[in-house]
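Please look through the model shown here before reading on. The paragraphs after it are meant for someone meeting this structure for the first time.

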Amino acid sequence: MSYRWLALTSLGLILSLGAVPLWALGSVRDQEIAQCLPGEISSWGDGQDRPAVASPMVFVYDHTAAPPWFSEQVVLSAVKAAAVAWSQCGVSANAMARPLGAAIAKGTVLVQWSDKSSGGNFGLANLTQPSLSLGPAAFQMLQTRNPAHNARETLQMVISHEMGHLFGLVAHSRRCVDVTSYYSNGKGEQCLLRDASQFRSVPEYRSAFPTACDLQRCRLANGNPQ
Ligand SMILES: [Zn+2]
């Protein structure tokens with residue numbers, strides 16, 4: 001009896017200490033998010049990666065002009081979550097609400113809602129005057145066209161994507177699942193994925209947070225190879 005108990009215990013130990021097997025990671029998309037295989041990093045070549053605009057990264061969120069269905073808490077949480085996720089690349093990052101009327105301190109990154117600064121897009125990162133602008137009109141259009149859609153997921157993805165540019169990933173990824181990806185280059189070329197049949201398996205194939213390949217590119221751009 002004690003022998004059997006020992007055998008079970010050591011089997012349990014092996015299972016819990018061993019590498020996570022592929023089947024435990026879920027769908028192909030989940031695996032693409034969790035692992036970056038050798039040679040898998042691919043970009044559209046539309047920019048040159050560079051170090052983050054600041055180190056550490058401090059994001060200051062201004063809720064003025066936000067769509068009414070996003071509370072300050074929801075957006076700030078999304079900014080914080082993206083900052084924490086990107087900080088895995090070796091550049092520490094944090095986020096806070098902008099105190100009313102407070103000036104933006106040098107070295108911090110303003111996160112704001114502005115159709116002008118976002119150029120009519122869902123989001124736009126400005127690397128020269130470090131800021132991340134979200135587009136109220138774009139989110140309004142999404143709400144009007146598809147009210148059943150979970151806009152918080154789109155919000156998270158847009159914030160994570162634009163933050164990636166500020167962390168130094170200037171070029172867009174050609175790997176569909178990367179949060180820094182573009183699905184197409186507008187010239188008929190499509191993004192890459194391990195199993196093309198999976199692309200329509202979810203409404204948004206792109207991850208809402210940086211993937212293993214996004215983080216690897218970020219480490220390279222910031223001289224923090226692992
Ligand atoms: Zn972009």
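What follows goes from the metal site to the nonpolar cores and then to a pair of helices.

The model is predicted, so that local features need pLDDT of at least 70 and side-chain atom pairs count only at pLDDT 80 or more, while totals for chains, interfaces and linings use all residues. Residues are numbered from 1 along each chain as its sequence is written, and side-chain values use heavy atoms, with hydrogens and water left out.

The zinc ion has as its protein donors H161 (NE2), H165 (NE2) and H172 (NE2), which lie 2.1 Å from it. Donors here are N, O and S atoms within 2.8 Å of the metal (3.2 Å for Na, K and Ca), and sites may look incomplete because water is not among the atoms. Along the chain, the donors of the zinc ion follow the spacing H-x3-H-x6-H. H161 belongs to helix α6 (residues 151-166), whereas H172, 11 residues apart from it, is in the loop between α6 and α7 (212-221); helices (H or I, at least four residues) and strands (E, at least two) are DSSP runs, numbered from the N terminus. H161 is buried at a relative accessible area of 7%, and H172 is buried at 8%, where buried means under 20% relative accessible area, exposed over 50%, and partly exposed in between (1.4 Å probe, protein chains only).

A nonpolar core is a set of buried Ala, Val, Leu, Ile, Met, Phe, Trp, Tyr and Cys residues joined through side-chain atoms within 4.5 Å. The largest such core has 40 residues, of which M57, F59, L155, M163 and F167 touch the most other members. Elements that each supply at least two residues of this core include β1 (57-61), α3 (72-86) and α6, and α3 gives the most, with 8 residues. A second, separate core of 6 residues includes C176, V177, C191 and Y205.

How do two packed helices come to be described? The description uses the angle between their axes and the distance between the axes. The axes of α3 and α6 come within 9 Å and cross at roughly 45°, axes being lines fitted to C-alpha atoms, for helices over the stretch in contact, with angles from 0 to 180 degrees between N-to-C directions. α3 and α6 are therefore oblique to each other, since angles under 35 degrees count as roughly parallel, over 145 as roughly antiparallel, 65 to 115 as roughly perpendicular and the rest as oblique.
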